[in-house]
Amino acid sequence: MKNVLTGLAAARRAGQPYGIPSICSAHPVVLRAALRRAAKSGGPVLIEATCNQVNQFGGYTGMTPADFVAFVGQIASEEGVHGDQIIFGGDHLGPNPWRKETAEVALANAADMIEAYVAAGFGKIHLDASMGCAGEPVALDDSAVAERAAALCAVAERAAARAGLPAPVYILGTEVPVPGGADHALATVEPTAPDAARETIAVHRAAFAKAGLTEVFARVIAFVVQPGVEFGSDNVIAYDPPRAAALSSLLDGEPTLVFEAHSTDYQTGDALAALVRDGYPILKVGPGLTFAYREALYALDLVASELVPGYGERSLAKAMEALLTEAPGYWIGYYHGDATALRVQRHFSYSDRIRYYWTRPEAEAAVARLMGVLDGVRIPEPVLHQYLPQVAPQEGQRAEDILVAAVDRVLALYERATAAGVRG
């Protein structure tokens, strides 16, 4: 079903734009919700893994690209989703996990990672070589980034040919938002300057030609730009179409391309539909989905505190606070303020860096205990209304169903938005 991606630019030019949500998460509940929705619709689902999350060394999930494909495949089988409905994407594939090493070492690792991704069946590859390595500037110029992207693309092409797999489609671009959201308060975010985006496209096109990849460049379907959307720890910058109008109009001169929008988490349905309409039809979402999961999980923690004798008061939240403070590596450089502010951010930040902890044994044990004590417990409607007012009574029969339903409400917003563009 890859043609859903290759048809995006043509659909926009025909005045019938459509989009696709990009599910950037390895959380099993998020994946189950996305795949359950795909089973009902019969349509495609785009699931992406990032370079830090999944790589040849395991990433922070402990999964290689092949492991991730198998992991998703198992859930898909349980949910009745056909394999050809799933598009696997690799996000931010480049030297980022090894940027503290020399460029030679980091790029060699990046090449091995990309080979592993393509061989595992990832057909949408975002090449991101925008960061400097040891001894280099933090951000490289377009020419250096494009040259490295072209070299990594050649690796991907060879890997697909060796594996006998269809050639991938590619996402390029140097103006890449911070993965997981900004690490400071934001008042506004400037859209990418049209001239800068135009130059980025031209430089990459030239670099691919120089590397003998002119024909491959025809499979570049999108560039990553900043349309003016972002989220910080406690605020969201909403999409403002007039501010990005000049950037969007650049696509009129690039008939085979669209833009990919990162950090669309927490945007309204109207904003998401406007992004699709304006040429940003690939809508990345990740922290917003695990935020919805955590929100429902903490609500169930309160429900159990009310209904289950001996469970304790907010046992899950207390267990997570102990884990977060004992192992601060994933949040300590991102959250700021006094002790109270840090505690609030650890649990409730839009950046949702708590998502990195759910696979830790301590967290898994605390969640399993919560699910166990609520197994078979009927949650009275007034209690459901108190702690989970967004959950309809028919969704509240089982704790696991409540968690999936919480994530699905976010997915439904994206599904409506990506179809809304078709309706205009």
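I began with Tyr 350 and found it partly exposed, because its relative accessible area is 27% (buried is under 20%, exposed over 50% and partly exposed in between, with a 1.4 Å probe and protein chains only). The model is predicted, so I kept in mind that local features need pLDDT of at least 70 and side-chain atom pairs pLDDT 80 or more, while totals for chains, interfaces and linings use all residues. Residues are numbered from 1 along each chain as its sequence is written, and side-chain values use heavy atoms, without hydrogens and water.

Next I looked up the partner of Tyr 350: Phe 291 forms a tilted aromatic pair with it, 5.5 Å centre to centre and with 40° between the planes (ring centres of Phe, Tyr or Trp, the latter by its six-membered ring, lie within 6.5 Å; planes under 30 degrees apart are stacked, over 60 edge-to-face and the rest tilted). Phe 291 lies in helix α11 (residues 287-307) and Tyr 350 in the loop between α13 (339-348) and α14 (361-374), so the pair ties together parts 59 residues apart in sequence (helices are DSSP runs of H or I with at least four residues, strands runs of E with at least two, numbered from the N terminus). Phe 291, at 13% relative accessibility, counts as buried.

Finally, I recorded one aromatic cluster formed by Tyr 60, Tyr 330, Tyr 356 and Tyr 357.
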